[in-house]
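Student: I'd like to go through the aromatic rings in this one. Could you take me through them step by step?
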Amino acid sequence: MRTSFDEDFDVIVIGAGHAGCEAASACARMGCQTALVTISLDTIGQMSCNPAVGGIAKGHLVREIDALGGIMGRVIDRTGIQFRLLNRSRGPAVQAPRAQADRALYRTEMRHVLEFTRNLHLRQGVVTDFVIENGQVTGIQLQDTRRLRANAVVLAAGTFLNGLIHTGRSTYTAGRAGEPASIELADSLKRLGFPVGRLKTGTPPRLDGRTIDWDVFESQPADERPVPFSFLTETIEQPQVTCHIGYTNESVHKTIRDNLQESPLYSGQIKGIGPRYCPSIEDKVVKFPEKTRHQLFLEPEGYETYEVYLNGFSTSLPFELQQELVHKIPGLDQTKIIRPGYAIEYDFIDPRELTPFLQTTRVRGLFFAGQINGTTGYEEAACQGLLAGINAALYVQGREGFTLRREESYIGVLIDDLITQGVDEPYRMFTSRAENRLNLRYDTSDARLSPYGRNLGLLADSEWERFSSRRDRISKLRTALLATRFKRSSWEHAELSRLIEKDLGDSISLASLSQYPTVNPSILFDFLPASIKSYTTFSDLETTVGDLLYHGYIRTQQQNNERIRNQAEVLIPANLNFRDISGLSHEMVERLERVRPQNFGQACRISGITPGALSTLLFFLKTSKN
């Protein structure tokens, strides 16, 4: 007897966090009747931790999401309140956009985008089980007895699976503060045989900005020329706010050390593994005892609120102790805490259970995306949601699945890392994880990925025309930079020599000039031919210069990648002390010591090992033989 259902859909997406929103949007725009089911429609797109998007490598992910036709970049461009391009003083490959968001506006805009997406249907309810027939998912069961049918299901449950919140010795079940945990659904996954682990993340206290002495802190203004996330956004029009920088001190550190028994992290109360790269303030004090202070960022939560996010002060200590510690920070001695920080433990599934399409190997038609796969961060979740949604739609339509390669995207790096190496701690994207990062700049995401988005049906005609126009402009600009030369007898040659204080020889092209460290795109723009300057944007010029800058390096990098692939059988001495290898970080040493690989090929397969660390190790092994 076949199961009866209350509603029929092509795809069901469970969870309306950043992964779920991207998955549902993609499925619907690819022509599938899609249901987005969430515990509360009021928290669609909720920024449960830091109200910000982007950052180093994370900004690259958002640009790639946008290039494929995803929605995160478009939403943050409309709701960001402070835009900054990080690493401006360094090379283009490691520069990345970041934006502080108005938390409430982001949530409202995301819901608006989804509600006006054709084929997308929002449903509120608690999912308790999957309906599975002959190894194929056919629907879901809701707590209120409704049953929804679908040919594919994307699970993007975030921290809700068996979520447990800790504040001091107090614990309670929740998906995040104020929302119920998903207990029955977590049990359903275990019954299906999925290997389950526990991870942990946390948040800092939120402060009442009216009680902060702002004059004590260093101001951090927005960029004068904000860099958008979406290739469709021409300018950021909304007003920008100022954030502030502060520091902890020895008094704060001593109080934490004296009260470690009150921390669930150190009392043994928390069993899950926390994120290495976003540690709690307790972890910072214990693991870096030599540091006399730790940097803090005071970030406004929005235009219409006094609430301030104390970035860098994540904690699960008791509320009374949190208040005492905050008062020990200069400028916060009278500050009131609006919401205390807390830690949350939750279930995740070993991502090695997934195919490259993010479909589970145990149940056909069931896809996982986001923190359930062991990742941390909105951006990491969103890109998985986009890929899971794309592949769920393709699965339903009987089409071939879609993947991205490591050498063409950070998204490809992330998914390959997850499904081949698994995770032993919450996975966060870094530029160092990508072997081809010089070729994966944030400003080249459209050139690399937009053709895929067009073929998948995620980029409309007008969006494709904008991409094609930009591609053509950059091609013409590159030709102009290579062709435009100034002889020593010209006034341009004399002026450029004066500007950069160097003898430029008998003649020089604008392309060669762009390689000088002191020459920025604004200087080049002034010397472009008028015919080119008339349609060239500053963004186009930056991208073209970056392409020229890295051309030789990219060729060398590709040769280096090939060299590493050919060295799999190089033996690693059993008694090798990895700490003796200059250039290996403490983390890389820790990972190598834990596994003790017998050869270089095994070292390449260690979870979390970076391409840079592999190059350093291989160089050591080769030179130590001589």
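Student: Is phenylalanine 194 buried or exposed?
Tutor: This is a predicted model, and in it phenylalanine 194 counts as buried, because its relative accessibility is 4%, which is under the 20% cut-off.

Student: How many aromatic pairs are there?
Tutor: The count comes to seven aromatic pairs. One of them joins phenylalanine 194 and phenylalanine 368 in a tilted arrangement, with 5.2 Å from centre to centre and 55 degrees between the planes.

Student: Where do those two sit in the chain?
Tutor: Phenylalanine 194 is in the loop between helix H5 (183-191) and strand E14 (196-203), while phenylalanine 368 belongs to strand E22 (residues 366-368), so the pair links distant parts of the chain, 174 residues apart. Phenylalanine 368 is buried as well, with a relative accessible area of 1%.

Student: OK, and what about phenylalanine 486 and phenylalanine 527?
Tutor: Those two form an edge-to-face pair, 6.2 Å centre to centre, with 65 degrees between the planes. Phenylalanine 486 lies in strand E23 (residues 485-487) and phenylalanine 527 in the loop between helix H16 (521-526) and helix H17 (530-533), which puts them 41 residues apart. Both phenylalanine 486 and phenylalanine 527 are buried.

Student: Which residues do ring pairs link into a cluster?
Tutor: The cluster consists of Phe486, Trp491 and Phe527.

Student: Switching topic, which arginine lies over the face of phenylalanine 194?
Tutor: That is arginine 362, at 5.8 Å from the ring centre. Elsewhere, arginine 63 lies over the face of phenylalanine 231, at 4.5 Å from the ring centre.

Note on methods: Residues are numbered from 1 along each chain as its sequence is written. This is a predicted model: local features need pLDDT of at least 70, side-chain atom pairs count only at pLDDT 80 or more; totals for chains, interfaces and linings use all residues. Side-chain values use heavy atoms; hydrogens and water are left out. Rings of Phe, Tyr and Trp (its six-membered ring) pair if their centres lie within 6.5 Å; planes under 30 degrees apart count as stacked, over 60 as edge-to-face and the rest as tilted. Helices (H or I, at least four residues) and strands (E, at least two) are DSSP runs, numbered from the N terminus. Buried means under 20% relative accessible area, exposed over 50%, partly exposed in between (1.4 Å probe, protein chains only). A charge sits over a ring if NZ of Lys or CZ of Arg is within 6 Å of the ring centre and within 35 degrees of the ring normal.
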